[in-house]
Amino acid sequence: MVVPLIVILAILFVAFMVYASYSISSGVYVKTFCKKHTTDKVVALTFDDGPHPDYTPKVLDILAECEVEATFFCIGENVEAHPEIVERMFAEGHLVGNHSYMHQNKFPLLGVEKMAEEIRKTDELISSLTGAPVHFFRPPFGITNPWVRDALAQFDYNVIGWSVRSYDTVTADIDVVYKRVVKKIKPGAVILLHDRLPFAPELLSRLLKYLSDEGYEVRRVDKLFNVFD
């Protein structure tokens, strides 16, 4: 049986559209910073979904002890509930970015106006605590589409993806997550973690030791990509 050319083209088109939306690095709809092209041993640690009242402070304690700056993409609801943690993030030199207000499963389908409303509300919450404008955004689930593109066009953002996905929300086995991450670390990597997880502090400690032992320097994403140069 010969498959008609139009069917093949339709399948390829659907596959491309799925890739364009679900791959944060595709750049089809939104330009994203996912990995710095360098041979220097530098990486960025990024945390999504916080702040969490129990685990984020422990993550911050470890970062302070190791004198490492990270990037936190915060959910607006959590910023509203725990403003003192966001104030601490900023005061200790970390970069605070926007990760939408509610991080709803349906966020990519909200439409331009509702997306922009969520994003703007979160910006206002963060800025009211830090006194600084928000220039960094990470889309929920890393999904982009024409609605996300048009909503983000209303803001002055650097959109940040990742090159190392930990899948720490998929399994609670810290050994599995740790091995997955270190296996993928290369110069210029952007590592995706979540500070809302119970094992986030221990995982961070182990990763920082690995990075130190391997001679890596950890930078905030703005400094990794020299965004403001």
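Okay, so buried here means under 20% relative accessible area, exposed means over 50%, and partly exposed is in between, with a 1.4 Å probe and protein chains only. By that rule Cys-34 is buried at 10%, and Cys-74 is buried at 1%.

Quick housekeeping. This is a predicted model, where local features need pLDDT of at least 70 and side-chain atom pairs count only at pLDDT 80 or more, while totals for chains, interfaces and linings use all residues. Residues are numbered from 1 along each chain as its sequence is written, and side-chain values use heavy atoms, with hydrogens and water left out.

On to the cores, meaning sets of buried Ala, Val, Leu, Ile, Met, Phe, Trp, Tyr and Cys residues joined through side-chain atoms within 4.5 Å. The largest one has 54 residues, and Leu-45, Phe-47, Leu-63 and Phe-72 have the most contacts inside it. Helix H8, residues 200–213, gives the largest share of this core, six residues; helices are DSSP runs of H or I, at least four residues, strands are E runs of at least two, and both are numbered from the N terminus. Apart from that core lies another, of 16 residues, including Phe-33 and Phe-225.

Last stop, Asp-156. You'll find Asp-156 in the loop between helix H6 (146–152) and strand S6 (158–160), exposed at 57% relative accessible area. Leaving aside neighbours within four places in sequence, Asp-156 is in contact, so heavy atoms within 4.5 Å, with Val-134 and His-135.
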